[in-house]
Amino acid sequence: MNLFEIDFLAKLTTLLKEAFKFKKYKAMSPVLAVFTGLLMLPIVVASFSVAASFAVLGFVFSVISAPVKYLHEIVRVEGKEVKHATQFIVYFLSWPTVFGLYVVMSFLLVLLLPTYALLSFLLYVWSLGGFKFHLLLNKVDDISIEVNGTYKLLPIVFVIIGGMVVFLIPLVHGIVYYVDLYQDFMERLFAPTFFGGIYLVYLSLHNAFATLYSLIGFARHPKETK
(Lines give C-alpha, C1' and ligand atoms only; values in the text may rest on other atoms or scores of the structure.)
Protein backbone atom coordinates (compact mmCIF):
# COMPACT_ATOMS: atom_id res chain seq x y z
CA MET A 1 0.00 0.00 0.00
CA ASN A 2 1.32 3.42 -1.02
CA LEU A 3 1.62 5.49 2.16
CA PHE A 4 0.88 8.68 0.24
CA GLU A 5 -2.50 7.25 -0.79
CA ILE A 6 -3.70 6.40 2.73
CA ASP A 7 -6.69 8.28 4.13
CA PHE A 8 -5.38 8.78 7.65
CA LEU A 9 -8.57 10.35 8.98
CA ALA A 10 -10.56 7.34 7.76
CA LYS A 11 -8.07 5.03 9.48
CA LEU A 12 -8.47 7.04 12.68
CA THR A 13 -12.26 6.83 12.48
CA THR A 14 -12.16 3.06 11.97
CA LEU A 15 -9.78 2.57 14.89
CA LEU A 16 -11.86 4.69 17.27
CA LYS A 17 -15.10 3.00 16.21
CA GLU A 18 -13.72 -0.45 16.98
CA ALA A 19 -12.38 0.67 20.36
CA PHE A 20 -15.66 2.32 21.35
CA LYS A 21 -17.74 -0.73 20.57
CA PHE A 22 -16.70 -1.93 24.06
CA LYS A 23 -16.89 -5.55 22.96
CA LYS A 24 -14.77 -6.82 25.86
CA TYR A 25 -16.62 -4.69 28.42
CA LYS A 26 -19.91 -6.16 27.26
CA ALA A 27 -18.50 -9.59 28.10
CA MET A 28 -18.55 -8.78 31.84
CA SER A 29 -21.22 -7.66 34.30
CA PRO A 30 -22.24 -3.97 34.07
CA VAL A 31 -20.87 -3.18 37.54
CA LEU A 32 -17.45 -4.69 36.81
CA ALA A 33 -17.43 -3.05 33.38
CA VAL A 34 -17.97 0.39 34.96
CA PHE A 35 -15.22 -0.09 37.57
CA THR A 36 -12.85 -1.51 34.97
CA GLY A 37 -13.49 1.49 32.74
CA LEU A 38 -12.87 3.90 35.61
CA LEU A 39 -9.56 2.25 36.39
CA MET A 40 -8.58 2.58 32.72
CA LEU A 41 -9.31 6.34 32.67
CA PRO A 42 -5.66 7.51 32.79
CA ILE A 43 -4.91 5.45 29.68
CA VAL A 44 -8.14 6.63 28.04
CA VAL A 45 -7.18 10.28 28.61
CA ALA A 46 -3.71 9.64 27.17
CA SER A 47 -5.25 8.02 24.08
CA PHE A 48 -7.53 11.02 23.53
CA SER A 49 -4.51 13.31 23.54
CA VAL A 50 -2.67 11.14 21.02
CA ALA A 51 -5.82 10.83 18.86
CA ALA A 52 -6.16 14.62 18.74
CA SER A 53 -2.54 14.97 17.62
CA PHE A 54 -3.02 12.29 14.97
CA ALA A 55 -6.20 13.97 13.71
CA VAL A 56 -4.41 17.30 13.28
CA LEU A 57 -1.48 15.68 11.45
CA GLY A 58 -3.85 13.64 9.30
CA PHE A 59 -5.88 16.73 8.37
CA VAL A 60 -2.76 18.68 7.39
CA PHE A 61 -1.58 15.70 5.34
CA SER A 62 -4.93 15.53 3.52
CA VAL A 63 -4.94 19.27 2.83
CA ILE A 64 -1.46 19.09 1.30
CA SER A 65 -1.90 15.80 -0.59
CA ALA A 66 -4.84 16.99 -2.73
CA PRO A 67 -3.00 19.84 -4.52
CA VAL A 68 0.21 17.78 -4.71
CA LYS A 69 -1.54 14.99 -6.62
CA TYR A 70 -3.23 17.54 -8.89
CA LEU A 71 0.00 19.39 -9.66
CA HIS A 72 1.91 16.16 -10.15
CA GLU A 73 -0.66 14.93 -12.65
CA ILE A 74 -0.53 18.22 -14.58
CA VAL A 75 3.26 18.10 -14.74
CA ARG A 76 3.20 14.47 -15.88
CA VAL A 77 0.61 15.05 -18.61
CA GLU A 78 2.09 18.29 -19.86
CA GLY A 79 5.55 16.80 -19.86
CA LYS A 80 4.39 14.04 -22.21
CA GLU A 81 2.41 16.24 -24.60
CA VAL A 82 4.81 19.14 -25.19
CA LYS A 83 8.15 19.19 -27.02
CA HIS A 84 11.53 18.69 -25.42
CA ALA A 85 12.41 22.34 -24.89
CA THR A 86 9.02 23.04 -23.38
CA GLN A 87 9.31 19.88 -21.28
CA PHE A 88 12.42 21.29 -19.68
CA ILE A 89 10.61 24.54 -18.84
CA VAL A 90 7.58 22.71 -17.43
CA TYR A 91 9.69 20.47 -15.20
CA PHE A 92 12.09 23.26 -14.23
CA LEU A 93 9.29 25.53 -13.06
CA SER A 94 6.84 23.00 -11.64
CA TRP A 95 8.83 20.09 -10.25
CA PRO A 96 10.58 21.98 -7.40
CA THR A 97 7.17 22.93 -6.01
CA VAL A 98 5.84 19.39 -6.34
CA PHE A 99 9.01 17.93 -4.87
CA GLY A 100 8.95 20.38 -1.96
CA LEU A 101 5.38 19.42 -1.11
CA TYR A 102 6.30 15.73 -1.24
CA VAL A 103 9.11 16.45 1.21
CA VAL A 104 6.60 18.05 3.58
CA MET A 105 4.29 15.05 3.22
CA SER A 106 7.20 12.69 3.90
CA PHE A 107 7.99 14.59 7.08
CA LEU A 108 4.34 14.30 8.12
CA LEU A 109 4.50 10.55 7.48
CA VAL A 110 7.45 10.32 9.85
CA LEU A 111 5.17 11.81 12.52
CA LEU A 112 1.95 10.05 11.53
CA LEU A 113 3.18 6.46 11.56
CA PRO A 114 4.61 6.35 15.12
CA THR A 115 1.68 8.43 16.39
CA TYR A 116 -0.75 5.87 14.95
CA ALA A 117 1.28 3.03 16.48
CA LEU A 118 1.12 4.67 19.93
CA LEU A 119 -2.60 5.41 19.55
CA SER A 120 -3.35 1.86 18.44
CA PHE A 121 -1.44 0.49 21.43
CA LEU A 122 -3.22 2.74 23.96
CA LEU A 123 -6.65 1.99 22.51
CA TYR A 124 -5.87 -1.71 22.47
CA VAL A 125 -4.96 -1.57 26.16
CA TRP A 126 -8.03 0.25 27.47
CA SER A 127 -10.43 -1.54 25.10
CA LEU A 128 -9.00 -4.77 26.59
CA GLY A 129 -8.01 -6.04 23.17
CA GLY A 130 -11.24 -5.01 21.50
CA PHE A 131 -9.74 -5.20 17.99
CA LYS A 132 -6.88 -6.93 16.19
CA PHE A 133 -3.55 -5.86 17.59
CA HIS A 134 -1.54 -3.88 15.05
CA LEU A 135 0.88 -0.99 15.03
CA LEU A 136 1.32 -0.43 11.28
CA LEU A 137 -1.79 1.04 9.69
CA ASN A 138 -0.87 -0.13 6.19
CA LYS A 139 -0.62 -3.81 7.17
CA VAL A 140 -4.17 -4.57 8.37
CA ASP A 141 -7.42 -3.78 6.54
CA ASP A 142 -10.01 -5.43 8.79
CA ILE A 143 -9.24 -4.93 12.50
CA SER A 144 -12.59 -6.11 13.87
CA ILE A 145 -12.92 -9.18 16.10
CA GLU A 146 -15.79 -11.28 17.41
CA VAL A 147 -16.36 -11.62 21.16
CA ASN A 148 -18.99 -14.10 22.31
CA GLY A 149 -17.54 -15.39 25.57
CA THR A 150 -17.83 -13.93 29.08
CA TYR A 151 -15.35 -12.85 31.73
CA LYS A 152 -15.60 -14.35 35.18
CA LEU A 153 -12.64 -13.89 37.51
CA LEU A 154 -10.33 -11.59 35.52
CA PRO A 155 -12.24 -8.29 36.00
CA ILE A 156 -12.78 -8.98 39.71
CA VAL A 157 -9.04 -9.42 40.30
CA PHE A 158 -8.27 -6.36 38.20
CA VAL A 159 -10.75 -4.14 40.05
CA ILE A 160 -9.47 -5.30 43.46
CA ILE A 161 -5.77 -4.81 42.71
CA GLY A 162 -6.28 -1.67 40.62
CA GLY A 163 -8.56 -0.16 43.26
CA MET A 164 -5.99 -0.80 45.97
CA VAL A 165 -3.19 0.82 43.97
CA VAL A 166 -5.23 3.85 42.91
CA PHE A 167 -7.44 4.44 45.95
CA LEU A 168 -6.92 2.37 49.08
CA ILE A 169 -3.12 2.41 49.47
CA PRO A 170 -2.78 6.11 48.50
CA LEU A 171 -5.60 6.96 50.95
CA VAL A 172 -3.84 5.27 53.86
CA HIS A 173 -0.50 6.71 52.81
CA GLY A 174 -2.04 10.16 52.46
CA ILE A 175 -3.58 10.08 55.93
CA VAL A 176 -0.30 9.01 57.54
CA TYR A 177 1.63 11.58 55.53
CA TYR A 178 -0.77 14.38 56.46
CA VAL A 179 -0.57 13.49 60.17
CA ASP A 180 3.22 13.62 60.01
CA LEU A 181 3.14 17.03 58.35
CA TYR A 182 0.47 18.26 60.77
CA GLN A 183 2.61 17.37 63.78
CA ASP A 184 5.42 19.46 62.33
CA PHE A 185 3.05 22.35 61.43
CA MET A 186 3.73 21.74 57.74
CA GLU A 187 0.30 20.54 56.60
CA ARG A 188 0.21 23.28 53.93
CA LEU A 189 2.77 21.21 52.01
CA PHE A 190 0.46 18.21 51.77
CA ALA A 191 -1.38 19.03 48.53
CA PRO A 192 1.61 20.09 46.39
CA THR A 193 3.88 17.28 47.57
CA PHE A 194 1.36 14.44 47.72
CA PHE A 195 -0.69 15.12 44.60
CA GLY A 196 2.21 16.75 42.79
CA GLY A 197 4.56 13.82 43.21
CA ILE A 198 3.68 10.93 45.49
CA TYR A 199 0.29 10.15 43.96
CA LEU A 200 1.77 10.29 40.46
CA VAL A 201 3.94 7.33 41.43
CA TYR A 202 0.83 5.33 42.32
CA LEU A 203 -0.79 6.30 39.02
CA SER A 204 2.33 5.23 37.13
CA LEU A 205 2.35 1.89 38.93
CA HIS A 206 -1.34 1.42 38.19
CA ASN A 207 -0.89 2.30 34.50
CA ALA A 208 1.91 -0.25 34.20
CA PHE A 209 -0.23 -2.85 35.99
CA ALA A 210 -3.31 -2.04 33.88
CA THR A 211 -1.31 -2.28 30.65
CA LEU A 212 0.24 -5.64 31.50
CA TYR A 213 -3.01 -7.02 32.88
CA SER A 214 -4.90 -5.98 29.75
CA LEU A 215 -2.31 -7.40 27.35
CA ILE A 216 -1.75 -10.66 29.22
CA GLY A 217 -5.20 -11.25 30.68
CA PHE A 218 -8.06 -9.35 29.07
CA ALA A 219 -6.70 -9.28 25.50
CA ARG A 220 -6.39 -13.08 25.41
CA HIS A 221 -9.82 -13.72 26.92
CA PRO A 222 -12.67 -14.45 27.13
CA LYS A 223 -12.30 -17.71 25.30
CA GLU A 224 -14.66 -18.13 22.43
CA THR A 225 -17.82 -20.05 23.29
CA LYS A 226 -18.41 -22.92 20.87
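This is a predicted model: local features need pLDDT of at least 70, side-chain atom pairs count only at pLDDT 80 or more; totals for chains, interfaces and linings use all residues.
Let me start with charge pairing. Side chains of opposite charge can pair when their charged atoms come close. In this model the count comes to two salt bridges, and I will take them one at a time. Glu18 pairs with Lys21, and the closest N and O atoms of that pair are 2.9 Å apart. Glu18 also forms a salt bridge with Lys23, where the closest N and O atoms lie 3.6 Å apart. Through shared partners, then, Glu18, Lys21 and Lys23 are joined into one network.

Is Glu18 buried or exposed? Glu18 has a relative accessibility of 8%, and because buried means under 20%, Glu18 counts as buried. Lys21, on the other hand, has a relative accessible area of 36% and is therefore partly exposed.

Now to the core. The largest nonpolar core has 50 residues, and those with the most contacts inside it are Phe8, Met40, Trp126 and Phe158. At least two residues of this core come from each of α1 (8-19), α2 (30-39), α3 (41-81), α4 (84-126), α5 (154-183) and α6 (190-216). Which helix gives the most to this core? That is α4, with 11 residues.

I would like to finish with Phe8, which is among the core residues with the most contacts. If we leave aside its neighbours within four places in sequence, Phe8 is in contact with Leu3, Phe54, Gly58 and Phe61, and also with Leu109, Leu112 and Leu137.

Technical notes. Residues are numbered from 1 along each chain as its sequence is written. Side-chain values use heavy atoms; hydrogens and water are left out. A salt bridge is a side-chain nitrogen of Lys or Arg within 4 Å of a carboxyl oxygen of Asp or Glu. Buried means under 20% relative accessible area, exposed over 50%, partly exposed in between (1.4 Å probe, protein chains only). A nonpolar core is a set of buried Ala, Val, Leu, Ile, Met, Phe, Trp, Tyr and Cys residues joined through side-chain atoms within 4.5 Å. Helices (H or I, at least four residues) and strands (E, at least two) are DSSP runs, numbered from the N terminus. Contact means heavy atoms within 4.5 Å.
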